[in-house]
Amino acid sequence: MAHPTVLRNLVDRYETLTAAAETAETVDPRIRQQLQDTAYTLCVSTGTREIAAALTAARVHMERDILKASAA
C-alpha cells in the first residue's frame, strides 16, 4: 500500500480530473488519458482492480493513518 500522502494526492487528482471531465461538453483526450492513468495508478497503489475499490481502500488507509497519528 502506498504512503497516505501519495494516496491523498492520487485521490485528489482523480477527483479533480473526474470533475473536469463531467463538466466539459467534450472531454479533452489529454484529460481522459490523465484520468485513466490516475485510475490505473490508484488501483496499482492499493492492490485493487477497479477504481471504486481503489478509492475505498485509499480512503480507509488514509483514515487509519490519521487515527494512528492522533493517537500518538
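Helices and strands are runs assigned by DSSP, numbered from the N terminus: a helix is a run of H or I with at least four residues, and a strand is a run of E with at least two. With that in hand, the secondary structure of this protein chain comes to three helices and zero strands, and reading along the sequence gives the pattern α-α-α.

Before we walk through it, a word on how to read the values. This is a predicted model, in which local features need pLDDT of at least 70 and side-chain atom pairs count only at pLDDT 80 or more, while totals for chains, interfaces and linings use all residues. Residues are numbered from 1 along each chain as its sequence is written, and side-chain values use heavy atoms, with hydrogens and water left out.

Let's start with the whole chain. Along its principal axes, the C-alpha trace spans about 45 × 20 × 15 Å. Of the 72 residues, 29% count as buried; buried means under 20% relative accessible area, exposed means over 50%, and partly exposed is in between, using a 1.4 Å probe and protein chains only. We will also speak of contact, which means heavy atoms within 4.5 Å. Among the contacts with a separation of 6 or more, 56% are between residues 24 or more positions apart.

Now look inside. A nonpolar core is a set of buried Ala, Val, Leu, Ile, Met, Phe, Trp, Tyr and Cys residues joined through side-chain atoms within 4.5 Å. The largest one here has 15 residues, and Leu7, Val11, Tyr14, Leu35, Leu42, Leu55 and Ala58 touch the most other members. Helix H1 (4–23), H2 and helix H3 (51–71) each supply at least two residues of this core, and H1 gives the most, with six residues. As background, nonpolar side chains tend to be buried together in soluble globular proteins.

How do the helices meet? The axes of H2 and H3 come within 9 Å and cross at roughly 55 degrees. Axes are lines fitted to C-alpha atoms, for helices over the stretch in contact, and the angles run from 0 to 180 degrees between N-to-C directions. That angle makes H2 oblique to H3; angles under 35 degrees count as roughly parallel, over 145 as roughly antiparallel, 65 to 115 as roughly perpendicular, and the rest as oblique. The crossing of H2 and H3 is left-handed, meaning that the near helix is turned anticlockwise from the far one by less than a right angle, whereas clockwise would be right-handed. On the H2 side, Ala39, Leu42, Cys43 and Thr46 meet Ile51, Ala54, Leu55, Ala57 and Ala58 in H3.

H1 and H3 pack at an angle of about 135 degrees, with their axes 9 Å apart, and are therefore oblique to each other. Their crossing is left-handed. The contact is made by Pro4, Leu7, Arg8, Val11, Tyr14 and Glu15 of H1 and by Ile51, Leu55, Ala58, Arg59, His61, Met62 and Asp65 of H3.

Two threonines of H2 deserve a visit. Thr46 lies in H2, which covers residues 29–46, and counts as buried because its relative accessibility is 10%. A polar atom of the Thr46 side chain lies 2.8 Å from the backbone oxygen of Leu42. The side chain of Thr46 also makes a polar contact with the side chain of Thr48 (2.9 Å). A polar contact is a pair of N or O atoms within 3.5 Å; within protein, one must be able to donate a hydrogen and the other to accept it, and residues adjacent in sequence count only if both atoms are side-chain atoms. Beyond its neighbours within four places in sequence, Thr46 is in contact with Met1, Leu7, Ala54, Ala57 and Ala58.

Is Thr38 buried or exposed? At 3% relative accessibility, Thr38 counts as buried. A polar atom of its side chain lies 2.8 Å from the backbone oxygen of Gln34. Not counting residues up to four places away in sequence, Thr38 touches Leu10, Arg13, Tyr14 and Leu17.

Finally, Arg32 lies in H2 and is partly exposed, with a relative accessible area of 42%.
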